[in-house]
Every structure is written in C-alpha cells, then in structure tokens.
Amino acid sequence: LTDGEGRPLAGDTDLADGQRRKLDRLLDMTTVGEGTRLLEIGTGWGELPVRAARRGAVVHTVTNMAEHATMARERIAAAGLSDQIQVELADYRTITAEPASFDAIISVEMIEAVGRDYWPLYFRALEDLLSPQGRIGLQAMTMRHDRMLRTSTTYTWIDKYIFPGGLIPS
C-alpha cells in the first residue's frame with residue numbers, strides 16, 4: 001500500500017523484504033542455526049539455503065527443476081557458501097540421504113505442486129528424513145476447504161499454468 005504519492009505507508013515494505021521475513025521466520029521456527037543439518041525441498045532460486053548457511057547451517061537443497069538448480073548454485077557460489085550447501089537435482093522421492101539425516105526440513109510452496117494423490121508419500125519422505133527431535137517447516141498457499149473440494153475435480157487456470165497436477169490444500 002502506498003500514500004497518494006507512491007511512498008510506502010508506515011510499516012509497509014516491498015515484496016522482497018516480505019519474502020526475506022517469511023524465510024527468516026521459517027528458519028526461526030525450525031530453530032535453524034549453527035551446525036543444523038537442514039534439508040530444503042523445493043530450492044526456489046536459492047535464497048533460503050543462503051540465509052540458512054549464513055546462520056551456520058549445513059544445507060542440502062533439492063529441486064527437480066534444472067533452471068532452479070543452476071540459479072541456486074550461482075547464487076550460492078556468489079555468496080561464498082558452496083562448502084555449506086549442496087544442491088541436488090532430483091525429485092523429493094529420490095533424495096540421496098540416509099534416514100533421520102536432518103535436524104530440520106523446510107519446504108516453501110511445494111505441497112501445492114505435489115498433488116493430493118502424493119501427499120501421503122511426501123509426508124512419509126519428510127518423516128523418514130527427519131531426525132527424532134527435528135522440526136519441519138512448511139509454507140503453503142491454502143484455500144477454504146469447501147473450495148478445495150470443489151476445485152479438486154476441475155481443470156482451472158492454476159492447474160494449467162501454475163501447478164499442473166497439483167492442488168492448493170485447505
């Protein structure tokens with residue numbers, strides 16, 4: 001929101017600041033800090049693994065999108081954090097890690113793309129990879145349950161352009 005002259009209203013910031021606050025909140029909620037073994041499922045463009053590594057975490061991030069992996073590796077190298085972050089080009093179902101390998105797992109807007117039929121497999125993968133005292137942080141778009149039920153059997157603009165085969169959960 002802006003005032004009549006295009007200046008942000010008091011307390012309002014730009015989208016990039018909001019995204020950084022969101023990532024920092026996920027890192028805080030999952031207690032990511034010095035020595036944390038973090039798995040990120042989704043990678044995005046690499047901002048979350050960079051922010052986690054700057055806190056002292058060792059990060060394994062996974063994406064099935066080559067463009068995201070390339071951009072994330074470039075961003076990570078530019079930040080001088082390649083020794084703390086591994087980017088794996090893979091599906092979440094084929095992550096190359098031992099069970100209970102991670103103190104924290106974070107996934108940002110990934111569950112929408114997984115699709116309802118695969119939610120049990122997705123959550124099983126998270127459970128298997130998380131250490132017994134670990135924490136999971138999921139950030140997801142959601143909608144009202146009745147609307148999710150109605151749209152789950154239709155072909156919408158979101159299905160076609162944003163999350164083919166996916167579903168925004170309630």
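**Close-up 1. Alanine 100 sits in the loop between β3 and β4.** In this predicted model, the phi angle of alanine 100 is near 60°, which is a positive value in a residue other than glycine. Alanine 100 has a relative accessible area of 31%, so it counts as partly exposed.

**Close-up 2. Glutamate 109 belongs to the loop between β4 and α4 (111-114).** Glutamate 109 is not a glycine, yet its phi is positive, at about 50°. The relative accessible area of glutamate 109 is 31%, and the residue is therefore partly exposed.

**Close-up 3. An open sheet is built from 5 strands.** Strands of a sheet pair through backbone hydrogen bonds, and the pairing may be parallel or antiparallel. Here the order is β3-β2-β1-β4-β5, and the pairing is parallel. The edges are taken by β3 (85-89) and β5 (130-139); each has a single partner strand, so one side of each has no neighbour in the sheet. On average, neighbouring strands of the sheet are turned by 15° against each other, direction ignored. Helix α3 (residues 66-78) packs on the sheet and touches β2 (58-63) and β3. The direction of helix α3 makes about 165° with that of β3.

**Close-up 4. Strand β1 pairs with β2 and with β4.** What joins strand β1 (residues 37-41) to strand β4 (residues 102-108)? The two strands run parallel and are joined by 4 bridges. Between β1 and β2 there are 5 bridges, and this pairing is also in the parallel sense. Glutamate 40 has a bridge partner in each of these neighbours: isoleucine 106 in β4 and threonine 61 in β2. Isoleucine 41 stands opposite serine 107 in β4. Is β1 largely enclosed or largely open? Of its 5 residues, 4 are buried, so β1 is largely enclosed by the rest of the structure.

**Close-up 5. Tyr92, Tyr122 and Phe123 make up one aromatic cluster.** A pair of aromatic rings is described by the distance of the centres and the angle of the planes. The structure holds 3 aromatic pairs. In one of them, the rings of tyrosine 122 and phenylalanine 123 have centres 5.4 Å apart and planes at 75°, so this pair is edge-to-face. Which is the accessibility class of tyrosine 122, buried or exposed? With a relative accessible area of 1%, tyrosine 122 is buried. Phenylalanine 123, at a relative accessible area of 38%, is partly exposed.

**Close-up 6. Tryptophan 157 and tyrosine 161 form a tilted pair.** The centres of these two rings are 5.5 Å apart and the planes are at 45°, so the pair is tilted. Both residues are in helix α7 (residues 157-161). Tryptophan 157 and tyrosine 161 are 4 residues apart there, so about one helical turn separates them. Tryptophan 157 has a relative accessibility of 56% and therefore counts as exposed.

**Close-up 7. Arginine 93 lies over the face of tyrosine 118.** How far is arginine 93 from the ring centre of tyrosine 118? The distance is 5.1 Å.

Technical notes:
Residues are numbered from 1 along each chain as its sequence is written. This is a predicted model: local features need pLDDT of at least 70, side-chain atom pairs count only at pLDDT 80 or more; totals for chains, interfaces and linings use all residues. Side-chain values use heavy atoms; hydrogens and water are left out. Rings of Phe, Tyr and Trp (its six-membered ring) pair if their centres lie within 6.5 Å; planes under 30 degrees apart count as stacked, over 60 as edge-to-face and the rest as tilted. Buried means under 20% relative accessible area, exposed over 50%, partly exposed in between (1.4 Å probe, protein chains only). A charge sits over a ring if NZ of Lys or CZ of Arg is within 6 Å of the ring centre and within 35 degrees of the ring normal. Two strands pair if DSSP finds at least two bridges between them. Axes are lines fitted to C-alpha atoms, for helices over the stretch in contact, and angles run from 0 to 180 degrees between N-to-C directions. Contact means heavy atoms within 4.5 Å.
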